[in-house]
Amino acid sequence: MFKRLLLGATPALLGGCSGDLSALDPAGPRAANLATLWWVMLIGAAVLFGLVMALFALAYRRPAWITRVTPAQWIVGGGLVLPIPILIVLTGTALVLGEQLLPKGEAPVRVEGRAQQWSWHFTHPESALAPSEILHIPAGEPVDIAVTSLDVIHSLWVPRLGGKIDAIPGKVNIIRLQADEPGVYWGQCAEYCGEGHDGMRFRVEAHEPEAFAALLEGRAP
Amino acid sequence: MSASNRLALVHLVSGFVVWSLGFVLLYGLQALGCAYGWSQHRLWLISAFVAVLVPLAWLAWRPRRTGPEASSLATAALWVNRAALGAAILVFLPVTFASTCI
Ligand SMILES: [Cu+2]
């Protein structure tokens, strides 16, 4: 019975971890950083929660043990010794992983992305590729996307390839994404922008480098 | 409320009020520096960081009455201000080295 329950619960639990829009199913180094940070935060929170629950249980089961701890020890232990190392580890992890997401220097490929309610348009400057609602990128290489908006604030987000960035009218923001393997990925507008917001998805196609070069030159791969 | 308690109450909140002013100051300098491309951006951030630490350090170590006449409110104020100093060092330190603009 227990085994059957466990088997039944597993797909329900893991169902949210896969799929086209899952940040927990990274397909590139930048998305992997973000997933790692998420796991570190989950583990940090679980450790703290477990410790507090263990103390809570102890207060019920072994009240004598708990009363031996003085109020000063509770304050120093629970208020300083317990949270400070965990907070330092979390802040440090976020800093190191976050720095690696930043678009430093020039990426080999630069795409322009424009958001307009409720779709995205991508252009490859100086290429024969026509503006498209599909984001074409090479696999295995970092790509910079210069993002802007023609109306309200949107946000470009491809959960399996990297972080998200706001698309702001009159301003160009740059985000760097990377896919390890050729394939199809999906993006979603991540800033509420009106009634069509939830359907503001876009398709990302990552190509082999040669096929990508052919695509840019306008010849069949 | 006695005058000394009123003073202790002011001390109780001053540490984290300075902390939050420092937060807004650093956030603003970071954004303005990027928007206007300041050449001495990092220097401004480090100066502001140090400028925020000075009053916080004073609050954490200022000369005070001790002994039995020190109220529990004054003791709480002292430790809250020390926490504010620690929080400022931990939370604001990255402005001295982390990437500022992209
Ligand atoms: Cu949108």
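Predicted model: local features only at pLDDT ≥ 70, side-chain atom pairs only at ≥ 80, totals over all residues.
Residues are numbered from 1 along each chain as its sequence is written, and chains are lettered from A and ligands numbered from 1 in the order in which they are written. Local features need pLDDT of at least 70, side-chain atom pairs count only at pLDDT 80 or more, totals for chains, interfaces and linings use all residues, and side-chain values use heavy atoms, with hydrogens and water left out.

I next counted contacts, meaning heavy atoms within 4.5 Å, and seven residues of chain A are in contact with six residues of chain B. I then looked up the buried area, which is the accessible area (1.4 Å probe) that two parts lose on being put together, summed over both; between chain A and chain B this is about 540 Å², and carbon and sulfur atoms give 78% of that area. A:Leu95, A:Glu99 and A:Leu102 supply 55% of what chain A buries against chain B, more than any other three residues.

The ion is coordinated by A:His154 through ND1, A:Cys189 and A:Cys193 through SG, and A:Met200 through SD, at 2.1 to 2.5 Å. Along the sequence these donor residues follow the spacing H-x34-C-x3-C-x6-M. I noted that the arrangement is tetrahedral (four donors with all angles between 85 and 135 degrees), because the four donor atoms subtend angles of 93 to 124° around the copper ion.

Last, I checked the backbone, where the peptide bond from A:Gln117 to A:Trp118 is cis, with omega near -5°. I also found that A:Glu126 has a positive phi of about 55°, although this residue is not a glycine.

Terms used. Donors = N, O, S within 2.8 Å, 3.2 Å for Na, K, Ca; no water. Tetrahedral: all angles 85-135°; square planar, octahedral: opposite > 155°, others 65-115°.
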